[in-house]
Amino acid sequence: MLKIIQKIFGSKNKNRKVIQIAVVDIASICNAKCPFCSRNHMPQKGKLIDIEDFKKIVYKLKNSEYTDIKEFRLYATGEPTLHPKLDEIIKISKENFPYVTLSTNCTNIAKYKESLSIVDHL
Ligand code: SF4
(Lines give C-alpha, C1' and ligand atoms only; values in the text may rest on other atoms or scores of the structure.)
Protein backbone atom coordinates (compact mmCIF):
# COMPACT_ATOMS: atom_id res chain seq x y z
CA MET A 1 0.00 0.00 0.00
CA LEU A 2 2.79 2.45 0.86
CA LYS A 3 4.33 1.96 -2.57
CA ILE A 4 1.06 2.85 -4.24
CA ILE A 5 0.61 5.93 -2.08
CA GLN A 6 4.11 7.07 -2.84
CA LYS A 7 3.63 6.47 -6.53
CA ILE A 8 0.56 8.69 -6.58
CA PHE A 9 1.46 11.47 -4.17
CA GLY A 10 5.06 11.04 -3.19
CA SER A 11 8.51 11.87 -4.37
CA LYS A 12 12.04 10.93 -3.40
CA ASN A 13 14.78 13.22 -2.36
CA LYS A 14 18.42 12.25 -1.87
CA ASN A 15 18.20 10.72 1.58
CA ARG A 16 14.62 9.88 2.29
CA LYS A 17 11.30 9.16 0.70
CA VAL A 18 8.67 11.84 1.12
CA ILE A 19 4.91 11.44 0.97
CA GLN A 20 3.09 14.72 0.55
CA ILE A 21 -0.38 13.29 1.19
CA ALA A 22 -1.37 9.98 2.79
CA VAL A 23 -4.99 8.97 2.18
CA VAL A 24 -6.93 6.47 4.28
CA ASP A 25 -10.47 5.70 3.17
CA ILE A 26 -12.11 5.20 6.58
CA ALA A 27 -15.70 4.85 5.35
CA SER A 28 -16.63 3.86 1.84
CA ILE A 29 -20.32 4.18 2.61
CA CYS A 30 -22.52 7.22 2.18
CA ASN A 31 -26.01 8.52 2.94
CA ALA A 32 -26.22 10.47 -0.33
CA LYS A 33 -26.54 9.32 -3.92
CA CYS A 34 -24.61 11.79 -6.04
CA PRO A 35 -24.71 10.58 -9.65
CA PHE A 36 -21.03 11.37 -10.23
CA CYS A 37 -19.78 9.48 -7.15
CA SER A 38 -16.93 7.04 -7.73
CA ARG A 39 -17.65 5.16 -4.48
CA ASN A 40 -19.56 2.31 -6.10
CA HIS A 41 -16.70 1.58 -8.45
CA MET A 42 -14.10 1.17 -5.72
CA PRO A 43 -13.05 -2.28 -4.45
CA GLN A 44 -13.62 -1.28 -0.81
CA LYS A 45 -17.20 -0.09 -1.35
CA GLY A 46 -19.58 -0.54 1.56
CA LYS A 47 -16.88 -0.93 4.20
CA LEU A 48 -15.82 0.85 7.38
CA ILE A 49 -12.19 0.60 8.38
CA ASP A 50 -11.57 -1.50 11.47
CA ILE A 51 -10.09 0.70 14.22
CA GLU A 52 -7.26 -1.77 14.85
CA ASP A 53 -6.37 -1.76 11.13
CA PHE A 54 -6.43 2.03 11.21
CA LYS A 55 -4.00 2.07 14.15
CA LYS A 56 -1.69 -0.33 12.28
CA ILE A 57 -1.66 1.93 9.22
CA VAL A 58 -0.84 4.98 11.35
CA TYR A 59 1.92 3.05 13.12
CA LYS A 60 3.39 1.83 9.82
CA LEU A 61 3.35 5.30 8.31
CA LYS A 62 4.91 6.85 11.40
CA ASN A 63 7.62 4.21 11.66
CA SER A 64 8.49 3.72 8.03
CA GLU A 65 11.02 5.49 5.83
CA TYR A 66 8.18 7.78 4.74
CA THR A 67 8.80 10.33 7.44
CA ASP A 68 7.65 13.58 5.98
CA ILE A 69 3.90 13.33 5.50
CA LYS A 70 2.48 16.81 5.04
CA GLU A 71 -1.19 15.90 5.00
CA PHE A 72 -3.10 12.95 6.44
CA ARG A 73 -6.43 12.70 4.63
CA LEU A 74 -9.31 10.75 6.20
CA TYR A 75 -11.48 10.20 3.19
CA ALA A 76 -11.38 9.10 -0.40
CA THR A 77 -14.67 7.77 -1.64
CA GLY A 78 -17.28 7.95 1.10
CA GLU A 79 -18.75 9.89 4.02
CA PRO A 80 -16.35 9.74 7.00
CA THR A 81 -18.91 11.00 9.53
CA LEU A 82 -20.76 7.70 9.16
CA HIS A 83 -17.88 5.89 10.85
CA PRO A 84 -18.96 5.23 14.48
CA LYS A 85 -15.38 5.63 15.72
CA LEU A 86 -14.67 8.92 13.99
CA ASP A 87 -13.84 10.65 17.31
CA GLU A 88 -11.09 8.13 18.01
CA ILE A 89 -9.85 8.21 14.41
CA ILE A 90 -9.50 11.99 14.46
CA LYS A 91 -7.80 11.94 17.87
CA ILE A 92 -5.23 9.36 16.74
CA SER A 93 -4.66 11.25 13.50
CA LYS A 94 -4.06 14.57 15.25
CA GLU A 95 -1.65 12.93 17.69
CA ASN A 96 0.46 11.59 14.83
CA PHE A 97 0.26 13.97 11.88
CA PRO A 98 0.64 17.74 11.65
CA TYR A 99 -2.15 18.42 9.17
CA VAL A 100 -5.31 16.30 9.13
CA THR A 101 -8.01 16.81 6.52
CA LEU A 102 -11.44 15.39 5.85
CA SER A 103 -14.28 15.97 3.42
CA THR A 104 -17.93 15.63 4.36
CA ASN A 105 -21.37 16.16 2.86
CA CYS A 106 -22.28 17.81 6.23
CA THR A 107 -25.43 15.76 6.82
CA ASN A 108 -24.06 14.17 10.00
CA ILE A 109 -21.63 16.72 11.40
CA ALA A 110 -23.59 17.67 14.54
CA LYS A 111 -22.73 14.29 16.06
CA TYR A 112 -18.99 14.95 15.75
CA LYS A 113 -18.90 18.72 16.27
CA GLU A 114 -16.08 18.67 18.83
CA SER A 115 -13.82 16.27 16.96
CA LEU A 116 -14.36 18.00 13.64
CA SER A 117 -13.36 21.31 15.24
CA ILE A 118 -9.77 20.05 15.63
CA VAL A 119 -9.44 18.87 12.02
CA ASP A 120 -7.14 21.25 10.14
CA HIS A 121 -9.15 21.44 6.93
CA LEU A 122 -12.73 20.41 6.24
S1 SF4 B 1 -19.41 10.09 -1.11
FE2 SF4 B 1 -19.62 12.25 -1.65
S3 SF4 B 1 -19.93 12.24 -3.86
FE4 SF4 B 1 -20.32 10.16 -3.14
S5 SF4 B 1 -22.56 10.05 -2.78
FE6 SF4 B 1 -21.55 10.64 -0.85
S7 SF4 B 1 -21.62 12.89 -0.79
FE8 SF4 B 1 -21.96 12.22 -2.92
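View 1. Around the ligand sit Cys30, Ala32, Lys33, Cys34, Cys37, Arg39, Gly78, Glu79 and Asn105, each counted because its C-beta atom, placed from the backbone, lies within 6 Å of the ligand. Sorted by class, this shell holds 4 nonpolar, 2 polar and 3 charged residues; here Ala, Val, Leu, Ile, Met, Phe, Trp, Tyr, Cys and Pro count as nonpolar, Asp, Glu, Lys and Arg as charged, and the others, Gly among them, as polar. A word on reading these views: residues are numbered from 1 along each chain as its sequence is written. As the model is predicted, local features need pLDDT of at least 70 and side-chain atom pairs count only at pLDDT 80 or more, while totals for chains, interfaces and linings use all residues.

**View 2. The elements of the whole protein.** Step back for a moment and you will find 4 helices and 5 strands, arranged along the sequence as α-β-β-β-α-β-α-β-α. These are DSSP runs numbered from the N terminus (helices: H or I, at least four residues; strands: E, at least two). Of the 122 residues, 21% are buried; buried takes 20 or more other C-beta atoms within 10 Å of a residue's own, exposed 12 or fewer, and partly exposed is in between, with C-beta atoms placed from the backbone.

**View 3. The buried face of helix α3.** In α3 (residues 86-96), look for the buried residues Leu86, Ile89, Ile90 and Ser93. Viewed down the axis of α3, they fall within an arc of 95°, so they line one face of the helix; the arc is that of the directions from the helix axis to the C-beta atoms. Their cover includes α2 (51-62), β4 (71-73), β5 (100-101) and α4 (113-116).

**View 4. Helix α2 beside helix α3.** The axes of α2 and α3 come within 11 Å and cross at roughly 10°, which means that α2 is roughly parallel to α3 (angles under 35 degrees). Ile51, Phe54, Lys55, Val58 and Lys62 of α2 meet Glu88, Ile89, Ile92 and Asn96 of α3, where contact is C-beta atoms, placed from the backbone, within 7 Å. The residues of this contact divide into 5 nonpolar, 1 polar and 3 charged.

**View 5. Cys106 and its backbone.** Cys106 lies in the loop between β5 and α4. Cys106 is exposed, with 11 other C-beta atoms within 10 Å.

Notes: Contact = placed C-beta atoms within 7 Å. Axes fitted to C-alpha atoms, helices over the stretch in contact; angles between N-to-C directions. Parallel < 35°, antiparallel > 145°, perpendicular 65-115°, else oblique.
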